[in-house]
Amino acid sequence: MTLSLTSALRPFPALSVSYVERRRLFFILMTLPAVIYVLVIGVWPLAQGIWFSLYEYNLLKPARTHFVGLGNYIDLLSDTVTRGAFVNTVIFTVGAVTVELLLGFAIALALWRDDRFNRICLALILIPVTITPLVVGLIFRALLLADYGLVGYYLAEFGLSDPRGLFANPSSALATLIFVDIWEWTPLVALILLAGLKALPGDILEASEVDGATALQRLRIIVIPLMLPSILLALTLRTIDAFRIFDSVYVTTGGGPGNATNTLMLHAVKQGLEFFNIGRASAISNLTLICIAVIAAGFILLIRKADRKANGR
């Protein structure tokens, strides 16, 4: 049988798909690996954690696994260790983020002028941000050891710290961890705020200077109101990150002495990997996630409101 020229040139059904449909199919295929990755790495563990939190589930006693509903969450409310971990987390977050914001804003103002010296200083102060928190914790643990630490030994010798070291004293351990976090993350806050400062309209600042406004007046009336979106962005990122602090605490104090530096994430890890209480560990993790989601939602609303106000809408 011979094919006519017309039938041979007729497009196949698969090739007659419109350009818009082929473009849509192409984008779906390109995003499919990312969607699968998010489902496997993010959504599935989250769903599994919510499921586990509804059960009394201990890996050492799998035969005794049974459904308890919200029982794990109710038990956490009456658990003094969990309440202490929550208080420590809040104190750590508020203390670290507040100081980081104030110091970061001062550094950003100092580096506002664009010259070679300020660019070199900015590059140098960003070095701590490039170090992982776990390594930072190990560095400060070695520095502050009372026996042979480069700094801790002399602090103990001159009576400026506990003879056992700053991390071994319940009254100074949490404050020392806050200092470590400030040392590492203040440069990031400064970088975010410096970007906001450089985006300010120069004509408004020049006009205010011509009108005789002092530096403090320009800062209070012009700079800070226009900087609110950048300030809230830095607050959002650092608050979320500080609230889930784990690695630096784990390698420096392990939550001790006692429970003086125990945080929510560290408490969850201990429940899951030391006591193998998967149900309670999942409940603690979910409560931490809820707190972070509430914090993020609140800051996002404030950022939108500040952005509308800055743009005059």
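**Residues 86-299**

I took the span 86-299 and found its end C-alpha atoms 20 Å apart, with 72% helix and 0% strand. Helices here are DSSP runs of H or I with at least four residues, and strands are runs of E with at least two, numbered from the N terminus. UniProt, in an unreviewed entry, places the feature "domain: ABC transmembrane type-1" at these residues. I note that UniProt positions are given in the numbering used here, that feature names are shortened, and that annotations may be inferred rather than shown by experiment.

This is a predicted model, in which local features need pLDDT of at least 70, side-chain atom pairs count only at pLDDT 80 or more, and totals for chains, interfaces and linings use all residues. Residues are numbered from 1 along each chain as its sequence is written, and side-chain values use heavy atoms, with hydrogens and water left out.

**Transmembrane records**

The unreviewed UniProt entry also places "transmembrane region" at several spans, including 182-200 and 283-303. I looked up both. Residues 182-200 are 89% helix and 0% strand, with end C-alpha atoms 26 Å apart. Residues 283-303 are 100% helix and 0% strand, and their end C-alpha atoms are 30 Å apart.

**Nonpolar cores**

I then went to the cores, each a set of buried Ala, Val, Leu, Ile, Met, Phe, Trp, Tyr and Cys residues joined through side-chain atoms within 4.5 Å. Buried means under 20% relative accessible area, exposed over 50%, and partly exposed in between, with a 1.4 Å probe and protein chains only. The largest core has 39 residues, and F92, L193, V223, M227 and L235 have the most contacts inside it. Two or more residues each come from α4 (80-110), α6 (133-144), α8 (173-198), α10 (215-243) and α13 (278-310). The most come from α8, which gives ten. A second, separate core has nine residues, among them A85, A268, A283 and I284.

For L235 I listed contacts (heavy atoms within 4.5 Å), leaving aside neighbours within four places in sequence: V97, L101 and F299.

**Cavity**

The lining of the largest cavity is V97, E100, L101, V189, A234, L235 and R238. Both α4 and α10 give two or more residues to this lining.

**Single residues**

T89 is in helix α4 and is buried, at a relative accessible area of 0%. Leaving aside neighbours within four places in sequence, I find T89 in contact with F243, T263 and L264.

A34 is in helix α2 (residues 19-53). Its relative accessible area is 45%, so A34 is partly exposed. I also checked A34 against G71, 37 residues apart along the chain, and their C-alpha atoms are separated by 36 Å.

**Backbone notes**

Where is P257? P257 is in the loop between α11 (247-252) and α12 (264-273). The peptide bond from G256 to P257 is cis, with omega near -5°.

F276 is in the loop between α12 and α13. F276 is not a glycine, yet has a positive phi of about 60°. With a relative accessible area of 29%, F276 is partly exposed.

Technical notes
On a 1 Å grid over the protein atoms alone, a cavity is a set of points where a 1.4 Å probe fits but cannot get out, and a pocket is an open set with protein on both sides within 12 Å along at least five of seven lines; lining residues have an atom within 4 Å of a point.
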